Each structure stands twice: as C-alpha cells, then as structure tokens.
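Hi there,

Here is the structure I promised to pass on to you. Have a look at it first, and then read my notes below.

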Amino acid sequence: LLFFTVLKGGMMWKGDVWLGIAMQFPEYGVVTLGLMFCFICGKMDMSFMALGDFATIMAVQYMAAHADAPAGGVILVGILIALGIAAVGGLINGLLVSELDIPPVMATISMQLVWTGLSVALTSGNTVKGLPALYTEIGHKYLLGFLPVPLLIFLVIFALCWFLLNHTVYGEKLYMVGTNIKAAKFSAINTKRMVVGTYILCDVIACIGCLLMVNTMASAKADYGTSYVMRCILILVLAGVLPDGGMGKIGNVLIAIVTIQIIATGVNMFPSLNTYYSSLIWGGLLIVVLILAL
C-alpha cells in the first residue's frame with residue numbers, strides 16, 4: 001500500500017478505487033474463507049472451484065428454465081440447489097479422505113476433474129445465461145448508498161466463520177484435529193466426522209463465493225474462477241494458515257485478502273504493465289513468505 005501510495009498516490013486514494021476494491025474481492029474472499037477450514041483441519045481441497053462451477057451451472061439452468069415464475073422464489077430455489085450440490089460434493093470429498101484414506105490432494109484433484117467433466121458435458125463448454133434481472137441487480141447495488149451488497153455478504157460470512165473458529169466447540173476441535181489428528185482421536189473426538197463436516201462446510205461456503213461470481217458475470221461456465229484456486233491458496237499461506245493444519249487466524253486472512261486485491265488494483269494503475277504482472281508479484285511474495293516461515 002505504501003509502494004502504490006508513493007508512486008500513484010493521486011489515484012490510489014480515490015473513493016472510486018476503494019469502492020472497486022470492495023466490489024472485487026468479496027467473491028474470492030468468501031471462497032478463501034471456505035478453504036481456510038480445510039487448511040486448519042490439516043486437509044486440502046483442490047475441487048472447490050470446479051464443484052462451485054457445476055453447482056452454479058445447475059442453479060442458473062434452473063433459474064433460466066423458470067423465468068416466467070416469480071423471481072424471488074426462483075432465485076431462492078436456485079441458490080438452495082447450488083448449496084445442496086456443494087454439500088454433496090463436500091460429503092464425497094470427506095468420505096474419500098476419511099473413510100478410504102485417499103490422500104486429500106489426490107482425492108480432490110480427482111473430484112475436480114469429475115466436476116469439470118460434468119460441467120463441460122452438460123454445457124458443451126458454453127456459457128449458461130438466463131439469470132433473473134433481480135439476481136444480477138442485487139449484486140451491483142449499494143446499501144445505504146456506500147456499502148456494496150457483495151461486501152456485506154462477505155462481512156456476514158466472515159463474522160460467521162470468526163464465530164465458528166473462536167467461540168464454538170467445533171472451532172476448538174478443528175484446531176486440535178489439525179494439530180494432531182491421532183491425539184484428537186484419543187481425546188474422544190470423532191475425527192472422521194470432523195473431516196467430513198469440514199469438507200462440507202468448506203465447499204458450501206466456497207459455493208457462496210461462486211454464486212457471487214455468477215452475479216458479477218451474469219452467467220455460469222465450467223471454467224469460471226479457475227485462477228482463484230491458486231489465489232486462495234496464496235492468500236491462506238500469506239496469512240499463516242498453512243495446510244499442515246492447526247494454525248492460522250481469520251483476522252490475518254482478511255488482511256491477506258485485501259493485500260492481494262490492493263496489488264491487483266495497483267498494477268492496473270500502470271498502463272505500461274501487463275495485468276498479469278500481478279501474478280508475478282503474488283508468486284514472488286509467496287516465495288518470500290515461505291522462506292521467512294522456515
């Protein structure tokens with residue numbers, strides 16, 4: 001932030017720039033909050049975006065097929081369809097990892113291919129449109145004239161996640177399982193149930209982020225948000241939420257999310273720089289953090 005303030009201070013501190021930041025990070029910010037639970041549990045999920053894309057494709061197809069019905073009811077059912085599919089996907093991931101002892105990376109990469117294949121087969125790789133106008137309008141509105149609705153949704157999800165981690169038995173058990181799953185098992189914690197429940201929670205929250213992305217794009221597609229997979233992992237590592245499990249604070253995740261978006265926004269202020277330089281900076285930042293963490 002200091003770097004961009006010195007070089008582009010006149011642009012960096014414009015109100016429109018910060019409104020843009022507030023509109024852009026909630027969708028992948030919510031996805032990151034979902035993945036955070038798997039990391040704290042000591043597990044990995046590589047399928048969350050592919051599952052989210054499939055779930056939202058099914059939801060959008062339902063909404064498009066019932067365009068003549070009252071928009072409010074259609075949107076609600078569509079959202080429930082997406083979240084239900086995400087919960088089933090999380091259940092499958094959890095069972096593969098906890099019951100069959102398949103390594104989490106391999107299990108979820110396999111499911112990533114399954115969900116992507118289903119999405120492409122269902123849509124032939126095409127964009128699915130036909131969302132009710134009300135759905136796309138809500139995501140571009142401002143509450144009280146200054147608070148973007150996507151940011152409000154992010155703040156609600158953030159508050160819920162903060163409460164779960166810091167003020168519930170589930171949160172305490174989650175850190176224990178991530179720190180030492182054998183010790184947690186001998187402490188009378190049902191570790192298999194914890195793993196399955198955490199995968200379900202992860203994928204449901206990630207699906208909410210995908211629903212926000214669909215709102216922005218006014219459509220759904222099999223490859224939407226593929227770049228978010230590594231971005232979310234980067235954010236969590238920067239925040240100190242490592243896949244080793246049992247560590248990390250949600251407040252640091254919020255700082256990392258905003259940091260990544262500031263970098264992306266700052267790079268766009270230099271016309272001579274390709275926007276892909278953001279990825280270069282993110283990668284370099286990740287390497288530095290990993291070296292310092294050793």
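In which helix is valine 156 found? Valine 156 sits in helix α7, which covers residues 149–166; helices here are DSSP runs of H or I with at least four residues, strands are runs of E with at least two, and both are numbered from the N terminus.

Before you go further, please keep in mind that this is a predicted model, where local features need pLDDT of at least 70, side-chain atom pairs count only at pLDDT 80 or more, and totals for chains, interfaces and linings use all residues. Residues are numbered from 1 along each chain as its sequence is written, and side-chain values use heavy atoms, with hydrogens and water left out.

Now to the salt bridge (a side-chain nitrogen of Lys or Arg within 4 Å of a carboxyl oxygen of Asp or Glu). The structure holds 1 of these. Its partners are lysine 192 and glutamate 99, whose closest N and O atoms are 3.7 Å apart. Lysine 192 belongs to helix α10 and glutamate 99 to the loop between α4 (71–98) and α5 (104–123), so the pair ties together parts that are 93 residues apart in sequence. Lysine 192 is partly exposed, at 39% relative accessible area, and glutamate 99 is partly exposed at 42%. (Buried means under 20% relative accessible area, exposed over 50%, and partly exposed in between, with a 1.4 Å probe and protein chains only.)

Next, is serine 47 buried or exposed? Serine 47 is buried, because its relative accessible area is 0%. You will find serine 47 in the loop between α2 (15–40) and α3 (48–65). Leaving aside residues up to four places away in sequence, serine 47 touches Asn93, Thr108, Met111, Gln112 and Trp115; contact means heavy atoms within 4.5 Å.

Tyrosine 142 is in strand β1, residues 142–143, and is partly exposed at 38% relative accessibility.

Most residues other than glycine have a negative phi. Alanine 188, in the loop between α9 (181–186) and α10, has a positive phi near 70°. Alanine 188 is exposed, with a relative accessible area of 73%. Alanine 218 has a positive phi near 60°; this residue lies in the loop between α10 and α11 (228–238) and is partly exposed at 34%.

On a 1 Å grid over the protein atoms alone, a pocket is an open set of points with protein on both sides within 12 Å along at least five of seven lines, and lining residues have an atom within 4 Å of a point. Grid points are joined across faces, edges and corners, and a volume is the space filled by probe spheres set on the points. How many residues line the largest pocket? The lining has 28 residues, of which Ser227, Tyr228, Arg231, Ala264 and Trp282 lie nearest the centre. The volume of the largest pocket is about 660 Å³. Helices α2, α10, α11, α12 (250–267) and α13 (277–293) each supply at least two residues of that lining.

Happy exploring!

Definitions and conventions: 1 Å grid on protein atoms, 1.4 Å probe; cavity = no way out; pocket = protein on both sides within 12 Å on 5 of 7 lines; lining within 4 Å.
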